[in-house]
Amino acid sequence: MKKTLDQANISLKDQHGKDTAWKPSIVAFLCNWCSYAGADLAGTSRLKYNPNIRLIRVPCSGKVDPLFILRAFADGADGVLVSGCHPGDCHYATGNYFARRKFALIKRLLEFCGIDARRIHFSWVSAAEGGKWSRVVNEVVEAVHQAGPFPGFDVMQDPEKG
Amino acid sequence: MEKLNTHVKELLKNGIVDLIIAYGQREIPIANGSMVTSVGPIFITRESEVGQLVWNRGCVHNLVTYLTKKDYKRYERIGIVVKPCDFKAINVLRQEHQIDRQRLFIIGLSCNGTLSGTIDETMGLGTGHMPRKCIDCRAAHEGAIARCVPEDVDLAIDELPEGELPAEPKGEMPGIEELEKISIDERRAFWQGQFQKCLRCYACRSVCPLCYCEQCVCDMSQPQWVDRSPHLKGNFLFHIVRAFHLTGRCVNCGECERVCPMGLPLTLLNQKMIKDVKELYDYESGNDPEQAPLMSQFKVDDDESFIK
């Protein structure tokens, strides 16, 4: 059953009033220089966003090997977000340009292998964009929520039931 | 073939090369214990062995694979027989600084299609089928004949493989377009059905001319990126990693699919990535040895429509 976030949050309480709704777990790789600082700014600005995201700080979005993304899925993530500096703003000058090619291709490859595109996200968030960060996270959580729990690479799924 | 034999003899006699990697006829054992004659790679260091050389429909193998293997690094100058499609792999290896062009003596042959099949089938050189790469290659070339550019190779011999042209296979596997059209869940089910057959024998990795890493990331145990036992999860990861590591590099020689004992349609993944790379970056691997590899270059205006 696929629900939007709002529906999910008000429903599915168990008898003790505890919320048993499924919450996606999303792994986010953030570059140290822009996106991590942007997320920091979102925090210090007291912006609210969905808490279903786990941040991993990396030196540069160029450091994010597609293996990281695969491993995150293999270890039970429902979605992955990779965020770095805007093109031209990279601390190492060109890291995010190289990263951009890798991301475009791994996204297409995973989609071709049957991994829902709604689970894989990329964004450019600068250190000044706390607001954008909170918006991006909400969008990503919403999209992964729609895609539902990631069944894992090894669970055979009946395509009829979706 | 006469021309090929004479030239190779000359090369060895004059000491221009120390080793020739070529196609030859040899006896190999099959399951019931008897020996059959089959076509495959042979390695010649002496003039007297040259008689075994062949150039026929059975010469489907990509010999470039041997150039990066340790055993052949000790030879000072290696002569190698290549088809036009194999030649591209040499270009990629040169782009990645894995081989020195000066150490090679490349003999380029012309080709209009080879034969792929099991050993039993190919021994009679008649009953196999044409691999997918040949079908694509024939469509891309005028008169369905691919020739090596004489400037690229040290010696171009314009001889076509001997034997009748093999028949095209009956379509059992879906093409890329068909797979792209079906729903994401159906696609996942298709690949799971394929990947669960994988034995993780790594034949695809061993035979690939571009998989030359001394330690493969798929063999690492600390950290273990890819589960190593042959179950669906690890297989799925392995094949994605394999396809991704060949993205922008694969020259579609089809060897991975040919050697797979379980018949996985591995070239589908590679061809999908070749298609996307062409679409996104207008890049084709193996055409220019001086060009930087796809992932080592970028354009400021590369597509980023998928990035928030």
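The model is predicted, so local features need pLDDT of at least 70 and side-chain atom pairs count only at pLDDT 80 or more, while totals for chains, interfaces and linings use all residues. Residues are numbered from 1 along each chain as its sequence is written, chains are lettered from A in the order in which they are written, and side-chain values use heavy atoms, with hydrogens and water left out.

**Helix pair α3/α4 in chain A**

- Helix α3 (residues 66-74) and helix α4 (residues 95-112) of chain A pack at about 35°, with axes 10 Å apart; the axes are lines fitted to C-alpha atoms over the stretch in contact, and angles run from 0 to 180 degrees between N-to-C directions.
- Helices here are DSSP runs (H or I, at least four residues), strands are E runs of at least two, and both are numbered from the N terminus.
- The crossing of α3(A) and α4(A) is right-handed, meaning the near helix is turned clockwise from the far one by less than a right angle.
- On the α3(A) side P66(A), I69(A) and L70(A) meet K102(A), I106(A) and L110(A) of α4(A), where contact means heavy atoms within 4.5 Å.
- That contact has five nonpolar residues, one charged and no polar; Ala, Val, Leu, Ile, Met, Phe, Trp, Tyr, Cys and Pro count as nonpolar, Asp, Glu, Lys and Arg as charged, and the others, Gly among them, as polar.

**Where chain A meets chain B**

- Chain A puts 44 residues into the contact and chain B puts in 50.
- The two chains bury about 4,500 Å² between them, 68% of it on carbon and sulfur atoms; buried area is the accessible area (1.4 Å probe) lost on being put together, summed over both parts.
- In chain A, R101(A), L105(A) and F112(A) lose the most area to chain B, together 20% of what that side buries.
- The rule finds six salt bridges across the interface, each a side-chain nitrogen of Lys or Arg within 4 Å of a carboxyl oxygen of Asp or Glu.
- D227(B) and R71(A) meet in a salt bridge at 2.9 Å, N to O.

- Most residues other than glycine have a negative phi, and most peptide bonds are trans.
- A93(A) is not a glycine, yet has a positive phi of about 75°; A93(A) sits in the loop between β3 (79-84) and α4 of chain A.
- The peptide bond from Q222(B) to P223(B) is cis, with omega near -5°, and P223(B) lies in the loop between α7 (203-207) and α8 (232-245) of chain B.
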